[in-house]
Amino acid sequence: MVVVSRPAPPPEAQELADGVERLLVREGINVWRGIVPDEGEYAKRMSDCELVFVLGGDGTILHAANLAAANGVPIVGVDFGRFGFLAELSREEALDKIPAFIRGEHWVEQRVMLRAEHIRGGEVLGQYQALNDIVLGRSYLSGIIDVQLVIDNEYVTTYFGDGLIVSTATGSTAYNLAAGGPVLAPNMGAIVLSALAPHLTHLSHLLVPRDSSITLHVGTRKGASVTVDGQPDFQIQDKDMLRVTLAPFTAGFAHLQDKTYFYKTLANRLRRGG
(Lines give C-alpha, C1' and ligand atoms only; values in the text may rest on other atoms or scores of the structure.)
Protein backbone atom coordinates (compact mmCIF):
# COMPACT_ATOMS: atom_id res chain seq x y z
CA MET A 1 0.00 0.00 0.00
CA VAL A 2 0.97 3.62 -0.47
CA VAL A 3 0.50 6.65 1.76
CA VAL A 4 0.82 9.93 -0.10
CA SER A 5 0.33 13.58 0.78
CA ARG A 6 0.80 16.93 -0.86
CA PRO A 7 4.18 18.70 -0.93
CA ALA A 8 5.03 20.49 2.32
CA PRO A 9 2.11 18.93 4.24
CA PRO A 10 0.94 20.77 7.38
CA PRO A 11 2.15 19.33 10.73
CA GLU A 12 -1.21 17.62 11.43
CA ALA A 13 -1.08 15.82 8.05
CA GLN A 14 2.50 14.79 8.71
CA GLU A 15 1.50 13.43 12.12
CA LEU A 16 -1.43 11.48 10.70
CA ALA A 17 0.75 10.06 7.90
CA ASP A 18 3.15 8.80 10.58
CA GLY A 19 0.25 7.14 12.40
CA VAL A 20 -1.13 5.52 9.26
CA GLU A 21 2.29 4.18 8.33
CA ARG A 22 2.81 2.68 11.82
CA LEU A 23 -0.66 1.09 11.71
CA LEU A 24 -0.04 -0.54 8.34
CA VAL A 25 3.43 -1.78 9.27
CA ARG A 26 2.04 -3.38 12.46
CA GLU A 27 -0.38 -5.28 10.24
CA GLY A 28 2.53 -6.66 8.24
CA ILE A 29 1.78 -4.58 5.14
CA ASN A 30 4.52 -3.24 2.90
CA VAL A 31 4.25 0.54 2.77
CA TRP A 32 5.73 3.17 0.49
CA ARG A 33 5.22 6.77 1.53
CA GLY A 34 5.65 9.79 -0.67
CA ILE A 35 4.17 13.00 -2.00
CA VAL A 36 2.36 14.03 -5.17
CA PRO A 37 3.29 15.46 -7.52
CA ASP A 38 6.78 14.00 -7.38
CA GLU A 39 9.45 13.10 -9.92
CA GLY A 40 7.75 9.91 -11.02
CA GLU A 41 8.48 7.57 -8.09
CA TYR A 42 4.80 7.42 -7.09
CA ALA A 43 3.76 6.28 -10.58
CA LYS A 44 6.46 3.60 -10.59
CA ARG A 45 5.12 2.13 -7.34
CA MET A 46 1.57 1.68 -8.63
CA SER A 47 2.10 -1.72 -10.25
CA ASP A 48 3.01 -3.20 -6.84
CA CYS A 49 0.12 -1.63 -4.90
CA GLU A 50 -3.35 -2.75 -3.87
CA LEU A 51 -4.59 0.47 -2.29
CA VAL A 52 -3.51 4.10 -1.95
CA PHE A 53 -4.29 6.37 1.03
CA VAL A 54 -4.13 10.05 0.10
CA LEU A 55 -3.89 12.77 2.75
CA GLY A 56 -4.79 16.12 1.24
CA GLY A 57 -7.38 18.25 -0.45
CA ASP A 58 -9.30 17.48 -3.62
CA GLY A 59 -6.38 18.64 -5.79
CA THR A 60 -3.98 16.17 -4.18
CA ILE A 61 -6.55 13.37 -4.38
CA LEU A 62 -7.17 14.19 -8.05
CA HIS A 63 -3.50 13.97 -8.91
CA ALA A 64 -3.04 10.71 -7.02
CA ALA A 65 -6.16 9.17 -8.59
CA ASN A 66 -5.07 10.08 -12.10
CA LEU A 67 -1.81 8.21 -11.71
CA ALA A 68 -3.38 5.24 -9.93
CA ALA A 69 -6.20 4.83 -12.46
CA ALA A 70 -4.00 3.62 -15.30
CA ASN A 71 -2.86 0.76 -13.04
CA GLY A 72 -6.32 -0.10 -11.74
CA VAL A 73 -5.40 0.77 -8.15
CA PRO A 74 -8.19 2.29 -6.00
CA ILE A 75 -7.57 5.19 -3.63
CA VAL A 76 -8.90 6.36 -0.26
CA GLY A 77 -8.95 10.10 0.31
CA VAL A 78 -8.42 11.58 3.79
CA ASP A 79 -9.69 15.16 3.91
CA PHE A 80 -7.15 17.92 4.54
CA GLY A 81 -8.61 20.42 2.10
CA ARG A 82 -11.26 23.09 1.82
CA PHE A 83 -14.12 21.23 0.15
CA GLY A 84 -13.43 17.50 0.47
CA PHE A 85 -15.82 16.22 -2.22
CA LEU A 86 -13.37 13.44 -3.11
CA ALA A 87 -12.45 12.38 0.43
CA GLU A 88 -13.83 9.23 2.04
CA LEU A 89 -12.49 9.85 5.55
CA SER A 90 -12.10 12.84 7.83
CA ARG A 91 -8.74 13.24 9.52
CA GLU A 92 -10.33 12.54 12.90
CA GLU A 93 -11.70 9.11 11.95
CA ALA A 94 -8.91 7.88 9.65
CA LEU A 95 -6.92 5.77 12.12
CA ASP A 96 -10.08 4.10 13.45
CA LYS A 97 -11.44 3.20 10.02
CA ILE A 98 -8.32 2.21 8.06
CA PRO A 99 -8.26 -1.31 9.62
CA ALA A 100 -11.59 -2.01 7.87
CA PHE A 101 -9.88 -1.37 4.53
CA ILE A 102 -7.10 -3.75 5.52
CA ARG A 103 -9.73 -6.42 6.24
CA GLY A 104 -11.23 -5.88 2.80
CA GLU A 105 -14.59 -4.56 4.03
CA HIS A 106 -14.66 -1.77 1.46
CA TRP A 107 -16.28 -1.57 -1.96
CA VAL A 108 -14.82 0.16 -5.01
CA GLU A 109 -16.64 2.75 -7.07
CA GLN A 110 -15.40 3.22 -10.64
CA ARG A 111 -15.54 6.75 -12.02
CA VAL A 112 -15.14 7.66 -15.68
CA MET A 113 -12.30 9.87 -16.88
CA LEU A 114 -11.84 12.08 -19.92
CA ARG A 115 -9.21 11.94 -22.63
CA ALA A 116 -8.38 15.05 -24.65
CA GLU A 117 -6.34 15.33 -27.85
CA HIS A 118 -4.84 18.66 -28.89
CA ILE A 119 -4.91 18.77 -32.70
CA ARG A 120 -3.32 21.28 -35.07
CA GLY A 121 -3.44 20.88 -38.84
CA GLY A 122 -4.49 17.23 -38.49
CA GLU A 123 -1.55 16.40 -36.19
CA VAL A 124 -2.05 15.32 -32.56
CA LEU A 125 0.28 17.51 -30.50
CA GLY A 126 -0.61 16.07 -27.09
CA GLN A 127 -2.90 13.70 -25.23
CA TYR A 128 -4.22 14.29 -21.72
CA GLN A 129 -6.36 12.49 -19.11
CA ALA A 130 -8.69 14.14 -16.59
CA LEU A 131 -10.83 12.87 -13.74
CA ASN A 132 -12.47 16.23 -13.02
CA ASP A 133 -12.50 18.48 -16.05
CA ILE A 134 -10.87 19.98 -19.09
CA VAL A 135 -11.22 23.76 -19.31
CA LEU A 136 -10.71 25.71 -22.51
CA GLY A 137 -10.47 29.41 -21.70
CA ARG A 138 -9.12 32.73 -22.90
CA SER A 139 -5.54 33.62 -21.97
CA TYR A 140 -6.11 37.32 -21.33
CA LEU A 141 -8.73 39.37 -19.50
CA SER A 142 -9.43 41.47 -22.58
CA GLY A 143 -11.13 39.95 -25.57
CA ILE A 144 -13.16 36.77 -25.97
CA ILE A 145 -12.72 33.43 -27.72
CA ASP A 146 -15.17 31.56 -29.88
CA VAL A 147 -15.60 27.82 -29.50
CA GLN A 148 -17.43 25.84 -32.16
CA LEU A 149 -19.01 22.75 -30.60
CA VAL A 150 -19.33 19.57 -32.67
CA ILE A 151 -20.72 16.37 -31.12
CA ASP A 152 -20.45 13.06 -32.97
CA ASN A 153 -19.63 14.99 -36.17
CA GLU A 154 -22.75 17.15 -35.85
CA TYR A 155 -22.39 20.91 -35.42
CA VAL A 156 -24.30 22.13 -32.35
CA THR A 157 -23.48 25.79 -31.68
CA THR A 158 -20.69 28.35 -31.38
CA TYR A 159 -19.97 29.96 -28.02
CA PHE A 160 -18.59 33.50 -27.77
CA GLY A 161 -17.23 34.24 -24.31
CA ASP A 162 -14.63 33.16 -21.80
CA GLY A 163 -14.53 29.49 -22.82
CA LEU A 164 -16.01 26.09 -22.06
CA ILE A 165 -15.75 23.46 -19.30
CA VAL A 166 -15.96 19.77 -20.20
CA SER A 167 -16.41 17.76 -17.02
CA THR A 168 -17.15 14.29 -15.76
CA ALA A 169 -19.73 13.54 -13.08
CA THR A 170 -16.85 13.69 -10.59
CA GLY A 171 -15.94 17.15 -11.83
CA SER A 172 -19.53 18.36 -11.80
CA THR A 173 -19.05 19.56 -8.19
CA ALA A 174 -15.93 21.55 -9.10
CA TYR A 175 -15.60 24.41 -11.63
CA ASN A 176 -18.79 23.25 -13.37
CA LEU A 177 -20.82 23.85 -10.19
CA ALA A 178 -19.27 27.30 -9.76
CA ALA A 179 -20.29 28.09 -13.35
CA GLY A 180 -23.91 27.17 -12.60
CA GLY A 181 -23.78 23.70 -14.13
CA PRO A 182 -25.70 20.64 -12.92
CA VAL A 183 -24.43 18.27 -10.22
CA LEU A 184 -24.25 14.60 -11.26
CA ALA A 185 -23.90 11.55 -9.03
CA PRO A 186 -20.32 10.27 -9.46
CA ASN A 187 -21.31 6.87 -10.86
CA MET A 188 -22.93 8.50 -13.90
CA GLY A 189 -20.97 8.26 -17.13
CA ALA A 190 -22.42 11.38 -18.75
CA ILE A 191 -20.28 14.35 -19.80
CA VAL A 192 -21.23 17.92 -18.83
CA LEU A 193 -20.54 20.97 -21.00
CA SER A 194 -20.73 24.38 -19.31
CA ALA A 195 -20.04 27.64 -21.10
CA LEU A 196 -18.13 30.38 -19.30
CA ALA A 197 -19.80 33.81 -19.53
CA PRO A 198 -21.30 33.10 -22.95
CA HIS A 199 -22.79 35.92 -25.04
CA LEU A 200 -26.13 35.61 -26.84
CA THR A 201 -26.85 31.95 -26.18
CA HIS A 202 -29.43 30.00 -24.20
CA LEU A 203 -27.37 26.78 -24.35
CA SER A 204 -25.11 27.46 -21.39
CA HIS A 205 -25.15 23.85 -20.13
CA LEU A 206 -25.45 20.57 -21.98
CA LEU A 207 -25.39 16.94 -20.83
CA VAL A 208 -24.23 14.37 -23.39
CA PRO A 209 -23.93 10.55 -23.32
CA ARG A 210 -20.73 8.88 -22.20
CA ASP A 211 -19.89 7.51 -25.66
CA SER A 212 -19.99 10.96 -27.29
CA SER A 213 -17.07 12.39 -29.23
CA ILE A 214 -16.80 16.12 -28.51
CA THR A 215 -14.75 18.36 -30.80
CA LEU A 216 -14.02 21.98 -29.93
CA HIS A 217 -12.83 24.23 -32.77
CA VAL A 218 -11.06 27.25 -31.34
CA GLY A 219 -11.14 30.78 -32.70
CA THR A 220 -8.95 33.34 -30.93
CA ARG A 221 -7.00 36.46 -31.84
CA LYS A 222 -5.29 36.88 -28.47
CA GLY A 223 -4.61 33.31 -27.43
CA ALA A 224 -6.35 30.63 -25.39
CA SER A 225 -5.26 27.95 -22.95
CA VAL A 226 -6.35 24.52 -21.75
CA THR A 227 -6.25 23.36 -18.13
CA VAL A 228 -6.54 19.66 -17.29
CA ASP A 229 -7.64 18.88 -13.72
CA GLY A 230 -6.26 22.19 -12.52
CA GLN A 231 -2.70 21.37 -13.59
CA PRO A 232 -0.51 23.97 -15.38
CA ASP A 233 -2.18 24.86 -18.65
CA PHE A 234 -0.92 24.69 -22.22
CA GLN A 235 -1.49 27.22 -24.98
CA ILE A 236 -3.87 26.63 -27.86
CA GLN A 237 -3.88 28.66 -31.07
CA ASP A 238 -6.44 29.96 -33.51
CA LYS A 239 -7.97 27.09 -35.57
CA ASP A 240 -6.65 24.39 -33.21
CA MET A 241 -8.99 21.59 -32.18
CA LEU A 242 -9.59 19.81 -28.91
CA ARG A 243 -11.20 16.38 -29.19
CA VAL A 244 -12.62 14.97 -25.94
CA THR A 245 -13.86 11.41 -25.33
CA LEU A 246 -13.93 9.07 -22.36
CA ALA A 247 -10.56 7.64 -21.32
CA PRO A 248 -10.09 3.86 -21.75
CA PHE A 249 -9.74 3.36 -17.98
CA THR A 250 -11.58 4.48 -14.85
CA ALA A 251 -10.52 5.78 -11.45
CA GLY A 252 -11.36 3.58 -8.47
CA PHE A 253 -12.47 5.07 -5.14
CA ALA A 254 -12.64 2.71 -2.15
CA HIS A 255 -15.53 3.28 0.26
CA LEU A 256 -16.79 2.04 3.61
CA GLN A 257 -19.88 4.26 3.45
CA ASP A 258 -23.06 2.91 1.88
CA LYS A 259 -23.76 3.48 -1.80
CA THR A 260 -25.91 6.55 -1.17
CA TYR A 261 -22.97 8.32 0.50
CA PHE A 262 -22.72 11.00 -2.19
CA TYR A 263 -25.94 12.79 -1.25
CA LYS A 264 -24.90 13.08 2.39
CA THR A 265 -21.47 14.30 1.31
CA LEU A 266 -23.03 16.84 -1.04
CA ALA A 267 -25.36 18.20 1.65
CA ASN A 268 -22.51 18.45 4.18
CA ARG A 269 -20.12 20.17 1.78
CA LEU A 270 -22.72 22.66 0.60
CA ARG A 271 -23.63 23.39 4.20
CA ARG A 272 -19.95 23.95 4.94
CA GLY A 273 -19.69 26.33 1.99
CA GLY A 274 -22.83 28.19 3.05
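Biologist: How far apart are the axes of helix α1 and helix α4, and at what angle do they pack?

Modeller: This is a predicted model, and in it α1 covers residues 11-26 while α4 covers residues 94-102. Their crossing is right-handed. The helices pack at an angle of about 35 degrees, with axes 10 Å apart.

Biologist: By class, what residues make the contact of α1 with α4?

Modeller: On the α1 side you've got Leu16, Gly19, Val20, Leu23 and Leu24. From α4 come Ala94, Leu95, Ile98, Pro99 and Ile102. Gly counts as polar, and the tally is nine nonpolar, one polar and no charged residues.

Biologist: On to salt bridges: which residue pairs with arginine 45?

Modeller: Look within helix α2, residues 41-45, where the two partners sit four residues apart, about one turn of the helix. The closest N and O atoms are 3.0 Å apart, and the partner is glutamate 41.

Biologist: Is lysine 97 buried, exposed or partly exposed?

Modeller: Lysine 97 forms a salt bridge with glutamate 93, the closest N and O atoms being 3.2 Å apart. Lysine 97 has 35%, so it counts as partly exposed.

Biologist: How many residues apart in sequence are the parts tied together by glutamate 117 and arginine 243?

Modeller: These two form a salt bridge, with the closest N and O atoms 3.5 Å apart. Glutamate 117 is in strand β7 and arginine 243 in strand β18, so the pair ties together parts separated in sequence by 126 residues.

Methods
Residues numbered from 1 in each chain as written. Predicted model: local features only at pLDDT ≥ 70, side-chain atom pairs only at ≥ 80, totals over all residues. Heavy atoms only, no water. Axes fitted to C-alpha atoms, helices over the stretch in contact; angles between N-to-C directions. Helix = DSSP H or I, 4+ residues; strand = E, 2+ residues; numbered from the N terminus. Left-handed = near helix turned anticlockwise from the far one by under 90°. Contact = heavy atoms within 4.5 Å. Salt bridge = Lys/Arg side-chain N within 4 Å of Asp/Glu carboxyl O. Buried < 20%, exposed > 50% of the residue type's maximum accessible area, 1.4 Å probe, protein only.
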